[in-house]
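Here are my notes for you, written as numbered points. Keep the viewer open while you read, and check each point against the picture.

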Amino acid sequence: MTTRTDAPTRREQILREAARLFAERGFHGVGVDEIGAAVGISGPGLYRHFAGKDAMLAELLVGISERLLDGGRRRVAESDGDPEALLSALIDGHIDFALNDQSLITLHDRELDRLRDADRKRVRQLQRQYVELWVEAVRETYPALDEADARAAVHAVFGLLNSTPHLAGSLTGRPTTAALLHRLARGAFAAAPGSLDAG
């Protein structure tokens, strides 16, 4: 099984550089030749790995949605039914994403509508399933919180955690930032209507 300590494959290198360039200059502001140059191959050489920029964008956005959902499901399985531990693990997992993959957050915000309908629907489907993992964990942690408020709180926390691309100049180091984001996320859930009675 491939681990994150393995050297990235050429395909992963291409995707990483495509994400960075798309986030910096927009999907239409980047050519295939530039992506190729960033990884040391010719633009046409990219076509051995991807059909084109559209395929790269789809793999990036569908791929991160799949990764988040798979990670969420793994944390559910590892929580042994402890809702507090699960909620903390979900928050930490999303913080890792938010700090490691800021270009994908920017890309999602700007370019999701450029995906083919089928790919965009797949992203939305995966995201809904990911949200539901969180909603269930929040409601188990705060039983007095109703479903609508739990879902609203989850989306608000995603907005908070996904704001990291806008914080780059003010981040004080990864551990400090991660700890701050975790406290803010837990504080947001604790402040939701009904949560105060459950603490």
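The points below go from the whole chain down to one residue.

1. Before anything else, remember that this is a predicted model.

2. Start with the overall build.

3. Next, how is the chain packed? Of its 199 residues, 42% count as buried. Take the contacts between residues at least 6 apart in sequence: 71% of them join residues at least 24 apart.

4. There is one database label to know about. An unreviewed UniProt entry carries the annotation "domain: HTH tetR-type" for residues 8–68. In the model, that span is 66% helix and 0% strand, and its end C-alpha atoms sit 19 Å apart.

5. Now have a look at helix 4. It has 18 residues and reaches 26 Å from its first C-alpha to its last, close to the 26 Å expected at 1.5 Å a residue. Its buried residues include Leu86, Leu90, His94, Phe97 and Leu99. What covers them? Among the elements doing so are helix 3, helix 5, helix 6, helix 7 and helix 8 (174–191).

6. On to the second largest pocket. The space in it comes to about 470 Å³, and 19 residues line it. Those nearest its centre are His108, Gln127, Val131, Phe158 and Asn162. The elements giving two or more residues to this lining are helix 3 (53–78), helix 4 (83–100), helix 5 (102–111), helix 6 (117–141) and helix 7 (147–161).

7. Which helix gives the most to that lining? Helix 6 does, with five residues. Sorted by class, the lining of the second largest pocket has eight nonpolar, seven polar and four charged residues.

8. Finally, zoom in on Thr106, which you will find in helix 5. Is Thr106 buried or exposed? Its relative accessible area is 17%, and the cut-off for buried is under 20%, so Thr106 counts as buried. Leaving aside neighbours within four places in sequence, Thr106 is in contact with Ala23 and Pro165.

Technical notes:
Residues numbered from 1 in each chain as written. Predicted model: local features only at pLDDT ≥ 70, side-chain atom pairs only at ≥ 80, totals over all residues. Heavy atoms only, no water. 1 Å grid on protein atoms, 1.4 Å probe; cavity = no way out; pocket = protein on both sides within 12 Å on 5 of 7 lines; lining within 4 Å. Points joined across faces, edges and corners; volume = space filled by probe spheres on them. Helix = DSSP H or I, 4+ residues; strand = E, 2+ residues; numbered from the N terminus. Nonpolar A, V, L, I, M, F, W, Y, C, P; charged D, E, K, R; others polar. UniProt positions renumbered as here; feature names shortened; annotations may be inferred. Expected span 1.5 Å × (residues − 1). Buried < 20%, exposed > 50% of the residue type's maximum accessible area, 1.4 Å probe, protein only. Contact = heavy atoms within 4.5 Å.
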